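Subject: Structure handover

Hello,

Here is the structure I said I would pass on.

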Amino acid sequence: MFRNQYDTDVTTWSPAGRLFQVEYAMEAVKQGSAAIALRSKTHVVLACVNKSNSELSSHQKKIFKVDDHIGVAIAGLTADGRVLSRYMRSECINYSYTYESPLPVGRLVVQLADKAQVCTQRSWKRPYGVGLLVAGLDESGAHLYYNCPSGNYFEYQAFAIGSRSQAAKTYLERKFDNFNASSREDLIKDALIATRESLQGEKLRSSVCTIAVIGVGEPFHILDQGTVQKLIDEFEIVKEEEVPPTEEPQPEPEQDAAADQGAGAGPGGAAGEGAAPMDI
């Protein structure tokens, strides 16, 4: 994206009908570390990738508890996500104090979207540079929403946001039909696999991901690293059992090739050395 004369103000429309400052905020969400969410009839699972700025620093928190029945995972500018999660927490407390009942998830999401929309229509404000995956449970069941910096919100069965999230989306789309009837353990396993897909080659460990769960009879809580590592180890064992049949036969041809090279080097050392790179 390049700077132009229509992106100096959030309230300035381009001739093509675009608000560039809002699009830049949405781009900030794409640059953040990945966040993934899945829901079934009874549970919602949130997962995120822990990314630190350097090896000497710790990662920033990406999953926040709003209430016993609501939690959020964020991607983008963490400071904005922290402020919005505090606002959501305040709204839940006020509603609970006034009506003595939990705040419905859909109503909170609409209030959050309205707050984000105001920042797209005031010249002295800027859009929030963070996307939120809101997981909740109320009288109507389990819910999963995505709140966009533009003020739009969408309800999903499963979704992924942030950098390198396309690989996770592809996996979620492939398994989409099974999520509604999935158990708590199956949802967590699918969340871990989707997280691994977004890492693109990096090894999945409990130190690089965070998992949170909410469900019927289970308040929102973040799983500790030991529990997450046990689940990852179970998954890795299954993976290792599938891989060896294709990998075990490989060392034997290499040994045969080495033996052939040794035999070729006997009568003429120079000829043997010349043939070795072609065999490999």
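Ala37 stands opposite Leu46, which belongs to S2. That is one place to begin, and before going further please keep in mind that this is a predicted model.

Ala37 and Leu46 face each other where strand S1 (residues 35-39) and strand S2 (residues 43-49) pair. The two strands pair in the antiparallel sense, over five bridges. What is the order of the strands in the open sheet that holds S1 and S2? Five strands form this sheet, and the order is S8-S1-S2-S9-S10, with antiparallel pairing. At its edges are strand S8 (158-161) and strand S10 (218-222), each of which pairs on one side only. On average, neighbouring strands of this sheet are turned by 10 degrees against each other, if direction is ignored. Helix H5 (residues 184-199) packs on the sheet and touches S1, S2, strand S9 (209-215) and S10. The direction of H5 makes about 25 degrees with that of S2.

The hairpin of S9 and S10

S9 and S10 run antiparallel and are joined by three bridges. Val213 has His221 in S10 as its bridge partner. The hairpin has two residues between the strands, and Gly217 takes a positive phi near 75 degrees there. Is Gly217 buried or exposed? Gly217 has a relative accessible area of 81%, and the cut-off for exposed is over 50%, so Gly217 counts as exposed. Its place is in the loop between S9 and S10. Gly217 and Thr42 are 175 residues apart in sequence, but their C-alpha atoms are 9.3 Å apart in space.

Strand S6 (residues 141-147) and S7 run antiparallel and are joined by three bridges. The bridge partner of Tyr145 is Glu155, in S7.

Asp80 in helix H2

Asp80 is found in helix H2. Why does Asp80 count as buried? Its relative accessibility is 8%, and buried means under 20%, so Asp80 falls in that class. Neighbours within four places in sequence left aside, Asp80 is in contact with Arg126, Pro127, Tyr128, Gly129 and Val130.

The cavity

How many cavities of 30 Å³ or more does a search of the whole structure find? The search finds one. About 60 Å³ of space lies in this largest cavity. Its lining consists of Leu84, Leu112, Ala113, Ala116, Tyr128, Val130, Leu132, Asn147, Cys148 and Pro149. Helix H3 (105-118) and strand S5 (130-138) are the elements that give two or more residues to that lining. The largest share, three residues, comes from H3. By class, nine of the lining residues are nonpolar, one is polar and none is charged. Tyr128 and Val130 are among the lining residues, and both are also in contact with Asp80.

Two residues with positive phi

Glu100 is not a glycine, yet its phi is positive, near 55 degrees. Glu100 lies in the loop between helix H2 (78-99) and H3, and it counts as exposed at 72% relative accessibility. Arg164 is not a glycine either, and has a positive phi of about 55 degrees. Arg164 is placed in the loop between S8 and helix H4 (166-174). With 42% relative accessibility, Arg164 counts as partly exposed.

The chain as a whole

The protein chain has nine helices and ten strands. Of its 280 residues, 42% are buried. Of the contacts in the chain with a separation of 6 or more, 61% are between residues 24 or more positions apart.

Regards

Technical notes:
Residues numbered from 1 in each chain as written. Predicted model: local features only at pLDDT ≥ 70, side-chain atom pairs only at ≥ 80, totals over all residues. Heavy atoms only, no water. 1 Å grid on protein atoms, 1.4 Å probe; cavity = no way out; pocket = protein on both sides within 12 Å on 5 of 7 lines; lining within 4 Å. Points joined across faces, edges and corners; volume = space filled by probe spheres on them. Helix = DSSP H or I, 4+ residues; strand = E, 2+ residues; numbered from the N terminus. Nonpolar A, V, L, I, M, F, W, Y, C, P; charged D, E, K, R; others polar. Pairing = 2+ DSSP bridges. Axes fitted to C-alpha atoms, helices over the stretch in contact; angles between N-to-C directions. Contact = heavy atoms within 4.5 Å. Buried < 20%, exposed > 50% of the residue type's maximum accessible area, 1.4 Å probe, protein only.
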